[in-house]
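Student: Could we go through a structure together? I would like to know where the terms come from.

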4 protein chains.
Amino acid sequence: MAATRWYKYPLRVRYQETDQMGVVYHANYLNWFEIGRTEFIREAGMTYRLLEEKGLLLPVIEAEVKFRMPARYDDTVMIYTRVVQFSSIKIQFESQIRRWEENPEYEQMLNSDCAGVEPEGELLVHGTTNHIWLNRSWKPVRIDKEAPELIILLKSVQKVN
Amino acid sequence: MAATRWYKYPLRVRYQETDQMGVVYHANYLNWFEIGRTEFIREAGMTYRLLEEKGLLLPVIEAEVKFRMPARYDDTVMIYTRVVQFSSIKIQFESQIRRWEENPEYEQMLNSDCAGVEPEGELLVHGTTNHIWLNRSWKPVRIDKEAPELIILLKSVQKVN
Amino acid sequence: MAATRWYKYPLRVRYQETDQMGVVYHANYLNWFEIGRTEFIREAGMTYRLLEEKGLLLPVIEAEVKFRMPARYDDTVMIYTRVVQFSSIKIQFESQIRRWEENPEYEQMLNSDCAGVEPEGELLVHGTTNHIWLNRSWKPVRIDKEAPELIILLKSVQKVN
Amino acid sequence: MAATRWYKYPLRVRYQETDQMGVVYHANYLNWFEIGRTEFIREAGMTYRLLEEKGLLLPVIEAEVKFRMPARYDDTVMIYTRVVQFSSIKIQFESQIRRWEENPEYEQMLNSDCAGVEPEGELLVHGTTNHIWLNRSWKPVRIDKEAPELIILLKSVQKVN
């Protein structure tokens, strides 16, 4: 299946996220990837919170991350997220963290429609995460049976070339 | 009621716990206080994990923290914890974070019986936390009814002057 | 001196900030207080990042926090921050964390001028933090000498009754 | 070059490390990997703290993590760490997180010599991290020039088959 469009979500780097190297501690990028996935799902028209309330969990089973440049305190970074592939039992996300300069254009883009854009800004960190669908007892489930509306949503945001 | 004896628990400062000031990020001390409470309960003969499995929660409702000196990466700190007062519905803990120099005596004390000692080492951070007992629905419960063995344990570790 | 006006800053609760009680882990509120202070300083016309680059540090020396109700994953919370008192050597902030329902009015207020408002929304957690000004060698400094513009800024945002 | 021996380091899972799924939040395993590396270097006869004080940084440039089973609050986990390969400019670590049951044997092994063992316990998470040596200005450095003693240490802990 084709990858979906990119969704973007802005973040201000927190003081707590830095370490004594003066940069963002590396494990935090995995946290940001996850924030990106949460907002991707919201933008697509669903919420991860609702999925969990329905008894569905989507844990990470594999992660690959490449760290090119560090983010720093008070930087504005943009999290780009898209689904690379998905089936009824698993899903793969791709994530990019990019630094944005603050300027008038930035303000404008923050408020613009955030779907379907091509990633812009200085690439800092990127990677992929693989997930499987589980129920509350940590048993695999088929999402086409448990939440077919999600399959429809994902298809609706696929990029048409 | 009289305060209990002090219990101590050692900790090595993690890189992730530092911030770009080159010291431990201040919110982490609340986390260490909690680790101290967990180990206090274990030393007293119970586990907080077991209490939660029985449906009891012990959230913090108030915290007061004084930060005198910062801990740094790779420091060995000692968490001292005692119960200052408790009833069937609430409990107050007192916590101290002290820095320890690494030396042979240190190794020895780490392995010695850790109850009833007087706090030693350079005082870095200290404070108190107040807690109430709740059930899984976040309603207050009386611990003398829900876990009377805990009251007995707490009385058994009270300090006799 | 009179307290300043309140500044507000919105936050979406992250999955990573929850714990197995199903709510936000209590130490994170101290982190949110700090984000509120960072944004307070920015709104007042300065940045904490710049202050640090000038060699000034503003560590917390005391914190008091009252936890009334927990925030939960995906909640929208509003951080309210104001300066209660300040001198040339120290400063006290007051912070409130309030939950906001998402509705059209919410969207509107997020984008409205965020200074001088009275706190609104369900009060979850509140407290105060005391700070002193230090230089890079962790020695106390007088802010009226090191950054007099900051004193002017703080006076300019004081509330006139 | 041959891989080094495995070093092990025990950890008690903290409440703060859990999330509302009731398990350890996935980004924390990267943090544990790093704790394992810190203790590996200490066991080998050096400290990472000292290396940083000498002006050397060892940031992660790539990470691959496979999550098989989650760790839970209060579990005792063992972090296994070894160097898979190294040169004068880069180094690759392999990490395993395994759950240990608490039993008398456990207590004994915790205190036994911890080098050269084969990993034991239920495998939860494993992965590799790649690092390069940088100086304080974030420029690559050759470790054979900046800290030749480290090369000697690494060779001394290589496993001879």
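Tutor: What follows is a set of questions about the symmetry and the sheet of this structure.
This is a predicted model, where local features need pLDDT of at least 70, side-chain atom pairs count only at pLDDT 80 or more, and totals for chains, interfaces and linings use all residues. Residues are numbered from 1 along each chain as its sequence is written, chains are lettered from A and ligands numbered from 1 in the order in which they are written, and side-chain values use heavy atoms, without hydrogens and water.

Student: How do you know what confidence chain A has?
Tutor: From pLDDT, the predictor's confidence in each residue, from 0 to 100. Chain A averages 91, and 89% of its residues score at least 70.

Student: What makes the relation of chains A and D a two-fold axis?
Tutor: Copies are superposed by least squares on the C-alpha atoms of residues with pLDDT of at least 70 in both. A rotation of 180 degrees with 0.0 Å of shift along its axis puts chain A on chain D, with RMSD 0.0 Å. That is the relation of a two-fold axis. In chain A, Glu64(A) comes closest to this axis, at 2.3 Å (C-alpha).

Student: Why are the two β1 strands said to stand at the edges of the sheet?
Tutor: Strands are DSSP runs (E, at least two residues), numbered from the N terminus, and two of them pair if DSSP finds at least two bridges between them. The open sheet has 10 strands with antiparallel pairing. β1 (7-12) of chain A and β1 (7-12) of chain D each have a single partner strand, so one side of each is left without a neighbour in the sheet.

Student: How do you know which strand β1(D) pairs with?
Tutor: β1(D) and β3 (residues 76-86) of chain D share 6 bridges in the antiparallel sense, and the definition asks for at least two, so they count as paired. Arg12(D), for instance, has Thr76(D) in β3(D) as its bridge partner.

Technical notes: Helices (H or I, at least four residues) and strands (E, at least two) are DSSP runs, numbered from the N terminus.
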